[in-house]
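Trainee: I am new to this structure. Could you take me through one part of it closely, and then show me what else is worth a look?

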Amino acid sequence: MRVHAKRAGALASGLMLPAMSMADWTVNMSPGVTSTSNEIFSLHMTILWICVVIGLVVFGVMFWSIIAHRKSRGHKPANFHENTLVEILWTIIPLVILVVMAIPATATLVDMYDTSEADIDIKVTGYQWRWKYDYLDEEFGYFSNLATPLDQVQNRQDKGENYLLEVDNPLIVPVGKRVRLLLTANDVIHSWWVPALGIKKDAIPGFINEAWFQVDEPGVYRGQCTELCGKNHGFMPVVVEAVPGEEYNTWLAEQKAAARKERELTRQDWTMDQLMARGKKTYQTACAACHQPDGSGAPPAFPALKGSAIATGEKMAHIDIVLNGKSGTAMQAFGGQLSEVDLAAVITYERNAWGNNTGDIVTPKEILDYKNQK
Amino acid sequence: MAENQTYYVPEQSKWPIVATVGLGVTLYGAASIMVNGNQGEPTTGAWITFLIGALIMAYMLFGWFGAVISESRAGLYSDQMDRSFRWGMSWFIFSEVMFFAAFFGALFYVRVFVVPWLGGDGDRGSTNMLWEGFQASWPLLNNPDPQAYPGPEHAVGPWGLPLFNTILLVTSSFTVTVAHHALKAGHRTKTKLWLAATIALAVVFMFVQAYEYAHAYQDLNLTLQSGIYGSTFFMLTGFHGAHVMLGTLMLAIMLIRIIKGHFTADNHFGFEAAAWYWHFVDVVWLGLFVFVYVL
Amino acid sequence: MAVTGVFMSSVADTHTQDHGHHGPAKGFSRWLLTTNHKDIGTMYLVFSFTMFLLGGTMAMVIRAELFQPGLQIVQPEFFNQMTTMHGLIMIFGAVMPAFVGLANWMLPLMIGAPDMALPRMNNWSFWLLPCAFLILLSTLFMQGGAPNFGWTAYAPLSTTYGPPSTTFFIFAIHIMGISSIMGAINVIATILNLRAPGMTLMKMPLFVWTWLITAFLLIAVMPVLAGVVTMMLMDINFGTSFFDASGGGDPVLFQHVFWFFGHPEVYIMILPAFGAISHIIPAFSRKPLFGYASMVYAVGAIALLSFVVWAHHMFTVGIPIVGQLFFMYATMLIAVPTGVKVFNWVATMFRGSLTFEAPMLFAVAFVILFTIGGFSGLMLAIAPADFQYHDTYFVVAHFHYVLVPGAIFGIFASAYFWLPKWTGHMYDETLAKTHFWLSFIGMNLAFFPMHFLGLAGMPRRIPDYALQFADFNMISSIGAFMFGATQLLFLFIVVKCVRGGEKAPAKPWDGAEGLEWTVPSPAPYHTFSTPPEVK
């Protein structure tokens, strides 16, 4: 079945305008790299071929009539308008085909819903507009943001190979292990989709959905958010990197060490320059999508920060809105999304960049105190 | 069906376009009140728009129904026309049933699926990890996030005022039927009395309901904002209450028409339509009593 | 409004044939105050075509932005407003009113009724539509922009995170709902009460049957839509928590209630086309419709099934497996009655005496392309496979195959079929065939590659895409521009036909049957004041 499909695809793409540009002419689903995605692919091909065969028969009869039974060829109309036998037949036969089709579909579905006994549990949280991956057993997590530069999107720079499908921190999983995903969202509904894994599951605020996969081949698998989630819905890709077990363990150790270090950084003393440098980076990933890289915003939905009452006024009010968000607006609560260090850095940055020059420093300790007093 | 020949096709009429303008202005005003209010802007202009629209609507209702009543009394309508009205009214009531079905459906879905899931039961029970400490119960007094939605202190029990209200409405369905039989028998005084009794029962119902709302808001902290129990409670009973008001208005108009000498023993569809509507309102209440209050 | 003017003069010419009734009034007040089903039908059709062009323009904006990867023409925020408005306008402004317009014109003619059952309410149903769309379109100029959450308006994107104009959107939906419900009540009352003597239910033309069932669906589900947008309204403005888990609600509740409306809505947009096609194919095959009774039962079965399949729009939201299986089986079952209809149409053509005037061309294309849309629908019904198709361009391809060559081609076929009856003139056949072929090619060019895009992994509702999707998107955009531009030709053909042309006889199609062909062309302002006798 699969070979046929590939051949048909190759034939179809060969017939159509040969090689118009560098892009490919994929016309079919890819079988993917998990057992689920392979089962889905074979279901897809089966139902596709059933449709093609039925289509050929029905359209065949129809085109025969169109060609042979024309008035211009002097064809005289028959007068039949009923035949109970054929009507029963063409009710029963499709029904039988459907039952035959439903059996493998049911089996696959049951398999997909079996989310018990996983080796690794990862909580996936959708944010406007990035993903957060929390390794539940390992006590660390990180955000995964679009890595394609804005200049490419706005056509000021040539687009790279993985345009819009590249992130700063991909989801890293070991090969050969059963991974369970617990999907949720922080704001609106998102949907986590990686075609090669055969997973598409909605991430719904306030609820957990489960999905599982097991990849046996190391590789990078790309997907996107597939539920309209606002302005930058098209700009929150998913990248999964499956690595050999050894490599995974090394990476895990690094991440845990980094998380520990991050916690220590909170207690360290920070200079203005250090905070500004780190704040600029954080601002680009967490804030710039709405408030724009130059702080000019996109009023009225996304107010400017440059010269704004909040960024140049009372420090505590600024901390409050960044940590807790503003209800009824698109301003999210970043208190749980960013580390104390990043929060301190980004607030410091906002209070001193673009000519805001308040001279205020907000330290990670202040943020920690603010959080504790709540 | 020879009476087709006399099927009444009205001449040009201004009422549809008046009604369109009225409805459009009313709802535009209503939306402006809400949007301006949310943004902390003045709502005076919006209120004026809304009231102008409402006045146009009132004018239209008097005018349009007035036209239909005078056409009917002028004998322009055939039996076939009468059947059109009957089909029209029945399907209108069916559409109302489906409107309530949406809210009942929401209530069932929330009670049977959502709240247990949030509390850690069923197919999506792992959701509970997001709401540590939350326990499912119905009526839901402690919401998953009590800070965002402080729950009510108590639910509304069924066996006090709600039971009294149930008795009122069931009785009113009975009295309106007696009035209808009296009208068919040509006993106009009896019709007036029983219809008046129906309206009185309806008015008492509304007073009780208003008292209950005040009690819920003041004493129970049960409000629209107190989570899904408050949301479903007030939306279901509130829309029912609005329909009771509309039904009462219809019955009151029928009473006025009877007093003015309208209707005959075998031609009184206006009255019947109002009675149908009243029975519908009654049946919805029974559903409410069982699913919102008792269970 | 030019078209209205043209219609006005042409129909005004015809009232010499009145039988003791007043003809139409003069001037614009005729259209504002009318109670005549033909006037109201005309207004619906003109309104629908206006909205079709407007929604089409928005589609052109979308396709222009998607012509190449990268952001060129519009910002994502506005792109989302365009997809939302395109969907709303096409569904509620173009397709539904077009079918109501056809119903207004044709139902009384087909069943031998003097008019619709409740003529004043009929006019109100129409005029509410421009009112609703005025409010909806005004949101484009409001602070924060128009609704940008897709026509499906999923919470909480549309509630907590929606623009301020959402409240206006909700009230516009309410007005459209009131209009549809009253229109549907009128249709049912007309069909059940005003049929000519002798026309039993099982002698009713299929267009009448399909509209009867459509009207039932409308009355059953439009109030549910009203209910769900009311919940939105309360969540936005009055602090309820229907769609907010922190208060014990669920965003997915919105989807359940919405799709309980939404799935029957899909059939509301296609059943009347089924009916019209079931007249056109026999007429140009010169052979009676095959399997009349099974056609009626099939439509009934489709309508009933449409109430129990809604969650197939939500296979990825995490429905428990029992529910998932139920909705998958029920959805697959719909293929059976739908298949019966297609087989019946083909059997009607079989051994007929076929000619291919414009209505027949559109009808044949309808059967073929709608079937393709049906096939992709069957594929989408397979829940596990849907995990890959869901919310990709495969779905976009699927529903455009159902709606464009389905609903829209059905409307074009009907328009060409009945234009001689409406205007008294034959339309320009050469131009109409050109319109058909350009639409056919443009439509396939626009939507067929979307299947490939979806299967290759392109999500829907994105303003920019990865490079491997570039070529098919470009082809799709070219097809869309072609299809869009072609519709101006349709406008020209209709205006030309209204203004003049070869005189149409009472029955311009030799194979056509039905009461509507017994009255002169153009149909007099008042018809069947005395009901005809049906054998």
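**A sheet in chain A, and what lies beyond**

Mentor: Let us start with an open sheet in chain A, whose 5 strands run in the order β4-β10-β9-β6-β7 with mixed pairing. Strands here are DSSP runs of E with at least two residues, helices are runs of H or I with at least four, and both are numbered from the N terminus; two strands pair if DSSP finds at least two bridges between them. At the edges stand β4 (171-174) and β7 (199-203) of chain A, each with a single partner strand, so one side of each has no neighbour in the sheet. From one strand to the next, the twist averages 25°.

Before going on, a word on the ground rules. This is a predicted model, so local features need pLDDT of at least 70 and side-chain atom pairs count only at pLDDT 80 or more, while totals for chains, interfaces and linings use all residues. Residues are numbered from 1 along each chain as its sequence is written, and chains are lettered from A and ligands numbered from 1 in the order in which they are written.

One bridge you can find by eye joins A:V173 to its partner A:A242 in β10(A). Helix α5 (residues 245-267) of chain A packs on this sheet and touches β4 and β10 of chain A, its direction making about 135° with that of β4(A). Contact means that the C-beta atoms of two residues, placed from the backbone, lie within 7 Å; axes are lines fitted to C-alpha atoms, for helices over the stretch in contact, and angles run from 0 to 180 degrees between N-to-C directions.

Chain A also has an open sheet of 5 strands in the order β3-β2-β1-β5-β8, and its pairing is mixed too. Its edge strands, β3 (140-144) and β8 (209-213) of chain A, each pair on one side only. Ignoring direction, neighbouring strands of this sheet are turned by 25° against each other on average. Within it, strand β1 (residues 120-127) and strand β5 (residues 179-185) of chain A pair in the parallel sense over 7 bridges, and A:I122 stands opposite A:L181 in β5(A).

The contact between chains A and C takes 81 residues from chain A and 80 from chain C. On the chain A side, α2 (35-68), α3 (84-112) and β7 each supply at least two residues, and α2(A) has the largest share, 14 residues. By class, that side has 42 nonpolar, 25 polar and 14 charged residues. (Ala, Val, Leu, Ile, Met, Phe, Trp, Tyr, Cys and Pro count as nonpolar, Asp, Glu, Lys and Arg as charged, and the others, Gly among them, as polar.)

Chain C touches chain B as well: 58 residues of chain C are in contact with 61 of chain B. Several elements of chain C give two or more residues to its side, including α5 (119-138) and α6 (166-193), with α6(C) giving the most, 11 residues. That side has 37 nonpolar, 18 polar and 3 charged residues.

For a close view of these two chains, follow helix α1 (residues 15-38) of chain B: its axis and that of α5(C) come within 8 Å and cross at roughly 35°.

Last, look at a pair inside chain C. The axes of helix α13 (residues 358-381) and helix α15 (residues 393-423) of chain C come within 8 Å and cross at roughly 160°. That makes α13(C) roughly antiparallel to α15(C), the word for angles over 145 degrees, while under 35 counts as roughly parallel, 65 to 115 as roughly perpendicular and the rest as oblique. The crossing of α13(C) and α15(C) is left-handed, and their contact has 21 nonpolar, 6 polar and no charged residues.

Conventions:
A crossing is left-handed if the near helix is turned anticlockwise from the far one by less than a right angle, and right-handed if clockwise.
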